[in-house]
Amino acid sequence: MNITLIYFDFPFWRAEVSRIALFMGGVDFNDRRIGSEEFQRVKANGYLDDGTFMPFRQCPVLVVDGVSIAQTGAIARLCGKLANLYPNNNNLLAARIDQFIDFLTDLNSLISFSGKDVSEEQKLLNRKNLAAGELKRKLCILEGNISESDPWVTGSEISIADIAIWRTMGWMVSGTVDGFPKNLLEEFPKIKRVCKSVDTHPKVLEWISLTYPRNYSRGSFE
């Protein structure tokens, strides 16, 4: 199986979940990272410069034996299956994992919308209100859906849901999202517990050492 994962050259959760899943599962893949100029051409014509088809003119895209697959959730599920981090024969468990991926997509949309087509001053105000209001409400809901006793969000085994939560929360508290405080997770010990467990996983640490910029802040979960 020939696999290429296409995204930008930074560890954002939309691609990082799948990158790490494949790495953890020992699945060989080409980690292709494109620049902004090539992406502008993708948006205009739907193809990379080498002719690779980009279905919805967005990133990430996973190419498997010449077939291009778009959308974060679809890519993460397939990579999770290949890496044994997503079930192949347990529909209920798969749906439980799916709900977290979709929930994080909702959070991502909330954050993106808060800074769209507004001044820097208005963006900061929007983010401040979001962090104290709707985002906090969403994080309370996420906290309530994490078990007190299970080590991972869907039970005794790590899955792509845990990786997705870790990377999304890490991005939010890293200081790179303008207007969000670094102590955003202070009131959410179960979210922090899951994030810290992923953050200290040996294979995740290995991936970080191989691919993350030296001074990159992935957020603190203490």
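Which elements are included in what covers the buried residues of α1? In this predicted model, the cover includes β1 (3-8), β2 (30-34), α3 (72-82), α4 (91-114), α7 (160-172) and α9 (202-211).

View 1. Helix α1 takes in residues 13-24. The buried set is W13, R14, A15, E16, V17, S18, R19, I20, A21, L22, F23 and M24. Strands β1 and β2 are among the elements that cover α1, as are the helices α3, α4, α7 and α9. Just after α1, G26 adopts a positive phi of about 70°.

View 2. Strand β1, helix α1 and strand β2 together make a right-handed β-α-β unit. The two strands of the unit, β1 and β2, are paired in the parallel sense, with five bridges between them. Within this pairing, L5 stands opposite D31 in β2. Six of the six residues of β1 are buried, so β1, like any element for which this holds, is largely enclosed by the rest of the structure.

**View 3. Strand β1 against strand β3.** β1 and β3 run antiparallel and are joined by four bridges. The bridge partner of T4 in β3 is V63, while L5 stands opposite L62. L5 also stands opposite D31 in β2. Strand β3 covers residues 61-64. V61 and V63 point one way from β3, whereas L62 and V64 point the other way, and all are buried.

**View 4. The hairpin of β3 and β4.** Strand β4, residues 67-70, pairs with β3 in the antiparallel sense over four bridges. V64 stands opposite V67 in β4. Two residues lie between the strands of this hairpin, and D65 in the turn has a positive phi of about 50°.

View 5. C59 has a relative accessibility of 13% and so counts as buried. C59 is in no disulfide, and the nearest cysteine sulfur, that of C79, is 14 Å away.

**View 6. Cysteines C59 and C79.** The structure holds zero disulfides. C79 is in no disulfide, and the sulfur of C59, which is the nearest cysteine sulfur to it, is 14 Å away. A disulfide requires the two sulfur atoms to be within 2.5 Å. C79 is buried, with a relative accessible area of 0%.

**View 7. Positive phi at Q71.** Although Q71 is not a glycine, its phi is positive, at about 80°. Q71 is placed in the loop between β4 and α3. With 39% relative accessibility, Q71 counts as partly exposed.

**View 8. Positive phi at D117.** D117 is not a glycine either, yet it has a positive phi of about 55°. The loop that holds D117 runs between α4 and α5 (120-132). D117 is exposed, with a relative accessible area of 75%.

View 9. The largest nonpolar core has 74 residues, of which L139, W166, M169 and I191 touch the most other members. Helix α7 gives the most to this core, with nine residues. When neighbours within four places in sequence are left aside, M169 is in contact with L104, L107, L139, L142, L185, I191, C195 and F221.

Note on methods
Residues are numbered from 1 along each chain as its sequence is written. This is a predicted model: local features need pLDDT of at least 70, side-chain atom pairs count only at pLDDT 80 or more; totals for chains, interfaces and linings use all residues. Side-chain values use heavy atoms; hydrogens and water are left out. The expected span of a helix is 1.5 Å times one less than its number of residues. Buried means under 20% relative accessible area, exposed over 50%, partly exposed in between (1.4 Å probe, protein chains only). Contact means heavy atoms within 4.5 Å. Two strands pair if DSSP finds at least two bridges between them. A nonpolar core is a set of buried Ala, Val, Leu, Ile, Met, Phe, Trp, Tyr and Cys residues joined through side-chain atoms within 4.5 Å. A crossover is right-handed if, with the strands pointing away from the viewer, the path from the first strand over the helix to the second runs clockwise.
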